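Please find below a colleague's note on the fold, arranged as numbered points. The sequence and the structure come before the comments.

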Amino acid sequence: MTRTYISRHPLDDLLPLEPGIRAVDHLDVPRGLAVVSVMAMDGEEASVTAGLAASGDVSVRFTGPGEWLALSQSETPDGLHRNLSLLLAETAYIFDQSDGRVVFRLSGPNARRILAKGIASDLQPAAFETGTSSNVLCGHISVNLARTGENEFELIVLRSFAVALFDDLRVMGREFDLSADFSAGR
């Protein structure tokens, strides 16, 4: 018996299909984002770090010693996996995480205040600079948090926790009239 599975985003029933009115503080959920996990082989952390720095249109998020998440809006998951596998051959293990992770992009003048309601880390620019990423708890959910701009943050969560994190972020942002929708694009 053949079964056909339809890939659905975990937030399909909670977000509008088309972008709506965007508030000053906004939660954006990109679709079609390629995400891979990169794990350096023993003794190869420096060469993997250098390779990732030269990887072009790829955003890299530190997740632990010798481990990173690499994201690309422009490449397909297969393309990103293939390109990084060629670039980092014999130095790293590459695993596609595109269907297993959900990315949230929070932006606006109150982004730090919204996150402060659930994250017990100092998010001031002097302590958590742009380009910095760290694994943190948002409430009870483990996320990879990255500062991508002055008032912009990216939260990456396992797919199974996406709805719970979305609900928590909406509650945390209610005071600021946080809007949310899927990104335009792929």
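1. Basis. The model is predicted: local features need pLDDT of at least 70 and side-chain atom pairs count only at pLDDT 80 or more, while totals for chains, interfaces and linings use all residues. Residues are numbered from 1 along each chain as its sequence is written, and side-chain values use heavy atoms, with hydrogens and water left out.

2. Terms for secondary structure. Helices (H or I, at least four residues) and strands (E, at least two) are DSSP runs, numbered from the N terminus. Two strands are taken to pair if DSSP finds at least two bridges between them. In general, the strands of a sheet pair through backbone hydrogen bonds, either parallel or antiparallel.

3. Four strands in the order 3-4-2-5 form an open sheet with antiparallel pairing. Its edges are strand 3 (59-64) and strand 5, each of which pairs on one side only. On average, neighbouring strands of this sheet are turned by 25 degrees against each other, direction ignored; axes are lines fitted to C-alpha atoms, for helices over the stretch in contact, and angles run from 0 to 180 degrees between N-to-C directions. Five bridges link strand 3 and strand 4 in the antiparallel sense, and S59 stands opposite L71 in strand 4.

4. Helix 2 on this sheet. Helix 2 packs on the sheet and touches strand 2, strand 4 and strand 5, its direction making about 25 degrees with that of strand 2; contact means heavy atoms within 4.5 Å. Which residues of helix 2 (residues 77-87) are buried? They are G79, L80 and L84, where buried means under 20% relative accessible area, exposed over 50% and partly exposed in between (1.4 Å probe, protein chains only). These residues lie on the same side of helix 2 because they cover an arc of only 120 degrees around the axis, the arc being that of the directions from the helix axis to the C-beta atoms. The cover over the buried residues of helix 2 includes strand 2 (34-40), helix 1 (45-53), strand 4 (67-72) and strand 5 (92-96). The exposed residues D78 and L86 are on the face of helix 2 turned away from its buried side.

5. Strand 1 (residues 26-29) and strand 6 (residues 101-107) run antiparallel and are joined by three bridges; here H26 stands opposite S107 in strand 6.

6. Strand 8 and its two neighbours. Strand 7 and strand 8 run antiparallel and are joined by six bridges, whereas five bridges join strand 8 to strand 9, also in antiparallel fashion. N144 of strand 8 stands opposite N135, and the bridge partner of N144 in strand 9 is I156. The hairpin of strand 7 and strand 8 has two residues between the strands, and G139 there takes a positive phi near 70 degrees. Strand 8 and strand 9 likewise form a hairpin with two residues between them. Strand 8 is mostly covered, with seven of its nine residues buried.

7. How many aromatic pairs does the count give? The count comes to one, with rings of Phe, Tyr and Trp (its six-membered ring) pairing if their centres lie within 6.5 Å; planes under 30 degrees apart count as stacked, over 60 as edge-to-face and the rest as tilted. F128 and F153 form the stacked pair, at 6.5 Å centre to centre and 20 degrees between the planes. F128 lies in the loop between helix 3 (111-116) and strand 7 and F153 lies in strand 9, so the pair ties together parts 25 residues apart in sequence. F128 counts as buried at 7% relative accessibility, and F153 is buried with a relative accessible area of 1%.
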